[in-house]
Amino acid sequence: MTSHWSGRLARALALLFLGWGIASCGTKEPGPKQEVLPRLDVLHKGAWLLGVDARQRFLLFRPQTGAGTYAKVLPEGGDVRICDPADTSILAEDGGSVLLWSAPSEERTRTAWLWRPGPFACIPFTTSSQGDIVHDRALSYVAFTESDASAGTTSLRVMDAAACTAKDCPSRTLLQVPGSTLLLQAGGTTVLATDATQAWLIDVPSGAVVPLGTVAGPCTLSSDGTRYSLFSAAGHLQVFDTATRSLQWERSWAEDVSREGWEVESALMTDAKVLVLNVYEPPPPDRIPLVHATLACDATSCQVLAGGQGGCWWGLGRTDLVSCSHLLRCGPYGCEYQFTYFDASMRLLSNTTTTDVRRPQPAFSEDLAHRVSLYQDDSADTLTWVGPAGVHTLKATGAVDMRFITFLPGAERLVFAQTLTRSDGVRETRLAAWDGVSLTDLLPLPGAPVQGAHPRAAPTALYSTIESADPSSLDIIRIQL
């Protein structure tokens, strides 16, 4: 009997492994004369989508039962449990590996895993990560911090993916500092580490750690790792070349904008190497800061950013898009908020005033040349498309759900969900497409979206999580377009 079950198990694993190989070949595109009709498939019931491979070979999901984290072979393959419940998944740009980590425990520690697509389990490389977890786009390494409460220290550790196997996944300790706070930023294979007063520059491949000394404000590293910024003891903003550590430019930002005595709360460096500083005027003792501003600095000057007001950060997780928000005013009927968006050179892309603080971000095309915003009033929801061809507006026939709105990859075409009331009084969620001129009704959705759309190309498809017929349950869907 044991031999019989062992043989069945071996055959099952062989078939599953074959499924991964077949899925990696991709899906055949329809011929030039084939009509492509939108199609919706429910890929899994009672689960939350964590991520989809860019080449659509697999997706990752977490069942609502909390039974773990699973990978599903695409287009129609089986499921395999790969690790305990994960809170976040990061896919390498080539889809060759995945970084996952759990939600914080009661001790505020997390487990992190590396997974390589196939029928095998994730490889845990830390069970006590605290704070930041950073990496490059290829996931060639993962840098993280671990604290030792008894010793009163925090260590920066690095897992090298090439050396990580199921039998042994070692980590290198590259830096150890007193205290429990060590912040990390990654740019390529460079990591910038900072605590309350000190900064260090780490070259991950060699393990070289360069102390940058005492700093007087938030440090930043560009997303490609070629530049970093510091604040000198005099409070001057300094930008350095990472490879040579030579000073590229320096500015007295406070003098540029007449903000002497103000403090820098946070800073980021865009892909165009513009420094965005969120600053505030120090309040009286035991008071919170009430006066904020945002500056955009380059080698020539620092300027106050209209619409910033100290609330700017990355938009949609992109380093070429900056999102700012702040409270305008409050009255007896509510408050007004302003949302502004800028490209990497800090050129204004979108400026919207709304009474809903939860209003989602606009949709942007991959190259940021096109953007669509939602405006709501008592009569209808209006979508406004701004692009090189001008401005186009569309009064939607239903209530637009901005959680599910996206540009299709490589196309000047927007898809979005809207809730309609049919002639029989039944409310229905439907998917529509708009190219700035023509509106096309595509298909009904089984339920309301609870997650943003994950667009994929070749073939064009959307993946997401929606409510099922049972409001307490979720479904993972794929829409082929």
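Tutor: Strands (E, at least two residues) and helices (H or I, at least four residues) are DSSP runs, numbered from the N terminus. Two strands pair if DSSP finds at least two bridges between them. This is a predicted model, in which local features need pLDDT of at least 70 and side-chain atom pairs count only at pLDDT 80 or more, while totals for chains, interfaces and linings use all residues. Residues are numbered from 1 along each chain as its sequence is written, and side-chain values use heavy atoms, with hydrogens and water left out.

Student: How many residues are in the hairpin that joins strand 32 to strand 33?

Tutor: Strand 32 and strand 33 pair in the antiparallel sense over six bridges. One of the bridge pairs sets Trp385 against His392 in strand 33. The hairpin between strand 32 and strand 33 consists of two residues.

Student: How many residues does the hairpin from strand 31 to strand 32 run through?

Tutor: Strand 31 covers residues 371–376 and strand 32 covers residues 381–387, and six bridges pair them in the antiparallel sense. Ser373 stands opposite Thr384 in strand 32, and Leu374 has Leu383 of strand 32 as its bridge partner. The hairpin that links strand 31 with strand 32 runs through four residues.

Student: Is strand 32 mostly covered or mostly uncovered?

Tutor: A residue counts as buried under 20% relative accessible area, as exposed over 50%, and as partly exposed in between, with a 1.4 Å probe and protein chains only. By this criterion, six of the seven residues of strand 32 are buried. Strand 32 is therefore, by the definition of burial, mostly covered.

Student: In the open sheet with the order 26-27-28-29, which residue of strand 27 is the bridge partner of Cys312?

Tutor: This sheet of four strands also has antiparallel pairing, and its edge strands are strand 26 (312–315) and strand 29 (348–354). Strand 26 is joined by four bridges to strand 27 (residues 318–331), and the two run antiparallel. The bridge partner of Cys312 in strand 27 is Cys324.
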